[in-house]
Amino acid sequence: MAVTSFFRRRSSDPTSHTLALEALSPRSRGSHGGLRALTQAALALPLLASSVVQASSLQGGSALQIGHYQEGARNLDGIFSAFEPIAVDTFEVSGGATFSDTLRFDLAFLQDTWSGATPIATAPWELRGNRPTEPDGVSGATPYLEGSLYFDSDFSVLATDGFGNLTGGTDNRLVHTIASASPETRREIDLSIGQDLESGAVRLGGGASWEPDYTSLFLDLGSSLDFNAQSTTLSLDLGYAHSETHAIFDHDASPYIDASSYASLIYVDPSGNRTLRGNRDDVQVSLGLSHLLDRSTSLEASIAYRYATGYLANPYRVVEVAFLDPAQQGLAPPGGYYGNVHALLERRPDQRNELAIGASVTRHLDLTDTAVRLGYSYGHDDWGINAHTFDLQVGQPIGLGFLLQPRFRYYSQSAADFYVNYLISDQAFRTVSVVGGEVVITPWNPNLLPSSYSSDPRLSAFGSLGGGVSLSRSLGKGITLEAGFDYFAHAGDFKLGGGGEGAFTDFDGWTASGAIVIDLAALSLSQSGQHGAHAHHIGGFAPAGVMAAHMLDQPGDFMLGYRFATMFSGGSMVEGNRVASDTTLVNSACPPAGCSTAPSSMTMNRHMFELMVAATDWLTLMVMPSYVDTEMSLRPLEGGIPDVHAQHLRHATGGWGDLPFFALVRLLEYGQQHVHLGVGFSAPTGSVSEKFRRSHQEDLGYIHYGMQLGSGTWDALPSLTYLGAWKRFSWGAQIGGVIRMQDRNASGYRLGNVARAQGWGGFAVLPWLTGTLRGVYSYQGAIEGEYNGPHSTTTPPDFPENYGGHFWDLGIGLRATVPTGLFRGQSFAIEWLQPLASDFNGFQLERTGSLFVTTQLTF
């Protein structure tokens, strides 16, 4: 039976088995240092040990890190899969500060968005789990989890023509069954506080990670003791994590997956959706020793133990089982067997003990000013996995302030005791009999199968080779730029000593990443006696929701900023400015067939990273990359057209958005009066090809227009801004808009132009705190054109005419500027924008408000 998608979320798998020491961090969902989400993606396979930004880079202050992880296509032995491989976009904002020279506080937020396809099962090629959906055999594939196989007397798979007719000979090829996943976003917050002592330090940390199907809370306590004149450090870390899985089985796959092994963990909601709810707890202790052997050489050694209990399986992986039903052996070939294949949810032990030991040596070579680190770790667990990791890292200054850091990593592991490709069981999957006039259905007997079984390739025997390089440069003033690239290859043949899994598990991938690291302490020193905290906003401050509203004053000034904007919609559907009934939506909002669903809520989050530099005293240049994620929930309409896809009532997208860049030109500067012109453009770097996953063996095509990540066109972003101030009062106004510079984007449509006028006033209630009030009018035109490929037409957001309109809003906000200390000159602002009135084009979901948060640091 065909299953178009096994799961809604592949998840950043909590069951990662990697035994390298870095994987035994107390915070198993990610730890400080590096692009954790990319490292998580890599190590969970496992692939690469680290990413471009090393932990040591972050201990001096703050960092902004971005990255992309991309897997290569899987080898399906002649079948082309229409599903894109796994891709992850990620960013992290982290910061730390030291108070009174001994007390340190660190905070980090990261977000990653996963999309693409991954193996859900392993099966003989003859099962044709990735069978083509078109006659040419290369137009795509849809996964099948049920079928039949013929075996000879030695249980080798017999070749067929795909229609149950034996063609002679055997075919023992294995292949992964691939299924797609809906894009999902994971968020994580980490915080810690540490106290330096006379001969050591203590640290308390914790955090949370959450995504639609998995949440985790973690705590860790660390301590260190220095002795031998501080040449030797002994460290002890204790960690605890509690995690909860709440995985919704896709309704397409649910009928074809036997989850009876975890029946007690499965909850069925009123709409018939099955959710697996399982908890796990992890406890870890690690001990480390570092010793400075001489001025050029340091040694490190560590040992870590982790105990995990609870639900340790992956809810999105199955094991194929060929059931040799005695009643069906009349279909078997002479001397052979006939197997009826069904998919069983994988089953793993509910406890795991892991031990890892490691050592490294770091040597500085004075002659070439080179630092070399060589490390090795060994891991063992009671699941039968033995793992070896070798890594080599080099740091080499290459002049002009650049530091080159090549690295190499080799990883090898044996298979778990319960790892299998597939199973053969001498029993019926289901027996139907009549007892006393009643039909009795007897399911398969679990006692005739192993107590644990998994075909997860991450539990197989394999090796991985990886290498990469990062390049960093200090810009002075405590600022460092870093960029890196890593590549890996995963193969059974790479296993240490041979005997790894077959070539069907081989794949490769890469990561690209970059960061800006700021040492606030060094920055503070560089600003001492300078203009670090001067009021660079001549004419006052603009509210948090106004962009391109200020310039830098002195040539060479640099500003790094972070903006967060979230827009909420929810409540009633509105036509123009009147609430629309379900009957009206069904009959009028989705011509000509009518609607089956309507949005009930929508959230769009946008993370923007501002980089500004003053080229002259009249010209400021700015670039602002952004990361976007959206989520929409739908509801069935009363009287709506029945639709088998109506169960897909939640959609999400995420990734990098368009790239705006500006030239801000000072036109007038007179006392506290300021006027500047903004000449901006937006490059179409955000995706406009986001699609629904396949459903009911159909390609639903493009997702709703409003959930694409960019415009898909080059856009002009003109603006004119006025700022004024007098004593404790400030005010300003801005007119601007968005002009689409192309008729159509690559997906066949164009967003409407935007015009906006706004004015604001502020009052300084304290020397460092200002309250603001803002009024906004904006107009957005309807979408022109439509998708040039398959797309859904069952809900109002699927139609171009249901976008745009006239909008009136009122904003209330606060802005604070740090006058002294380590964060001198840094500003923080927050604003809530409340809708006052709306006149929508067509049928749209009511707006409920927007929240803006900004922080900016000028140096």
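**Note on ring contacts and strand pairing**

1. The charged end of R473 sits over the ring of F402, 5.3 Å from the ring centre. The model is a predicted one. A second contact of this kind involves R277, which lies over the face of Y267 at 4.5 Å from the ring centre.

2. F402 falls within strand β20, residues 402–413. This strand pairs with β19 in the antiparallel sense, over 10 bridges, and D391 stands opposite R409 in β20. Two residues separate β19 and β20 in their hairpin, and L400 in the turn has a positive phi of about 60°.

3. On its other pairing, β19 (residues 386–399) meets β18 (residues 370–381), again antiparallel and over 10 bridges. V372 has V394 in β19 as its bridge partner. The hairpin of β18 and β19 has four residues between the strands, and G384 in the turn has a positive phi of about 95°.

4. Searching the whole structure gives 30 aromatic pairs. One of them is Y69 with F488, stacked at 6.4 Å centre to centre with 15° between the planes. Y69 is in strand β1 (residues 61–71) and F488 in strand β25 (residues 479–491), so the pair links distant parts of the chain, 419 residues apart. Y69 and F488 are both buried.

5. F661 and F681 make a tilted pair, 6.3 Å centre to centre and 35° between the planes. F661 belongs to strand β33 and F681 to strand β34, so the pair ties together parts 20 residues apart in sequence. F661 is partly exposed, at 32% relative accessible area; F681 is partly exposed too, at 31%.

6. One aromatic cluster is formed by F91, F109, Y562, F609, Y627 and W656.

Technical notes:
Residues are numbered from 1 along each chain as its sequence is written. This is a predicted model: local features need pLDDT of at least 70, side-chain atom pairs count only at pLDDT 80 or more; totals for chains, interfaces and linings use all residues. Side-chain values use heavy atoms; hydrogens and water are left out. Two strands pair if DSSP finds at least two bridges between them. Rings of Phe, Tyr and Trp (its six-membered ring) pair if their centres lie within 6.5 Å; planes under 30 degrees apart count as stacked, over 60 as edge-to-face and the rest as tilted. Buried means under 20% relative accessible area, exposed over 50%, partly exposed in between (1.4 Å probe, protein chains only). A charge sits over a ring if NZ of Lys or CZ of Arg is within 6 Å of the ring centre and within 35 degrees of the ring normal.
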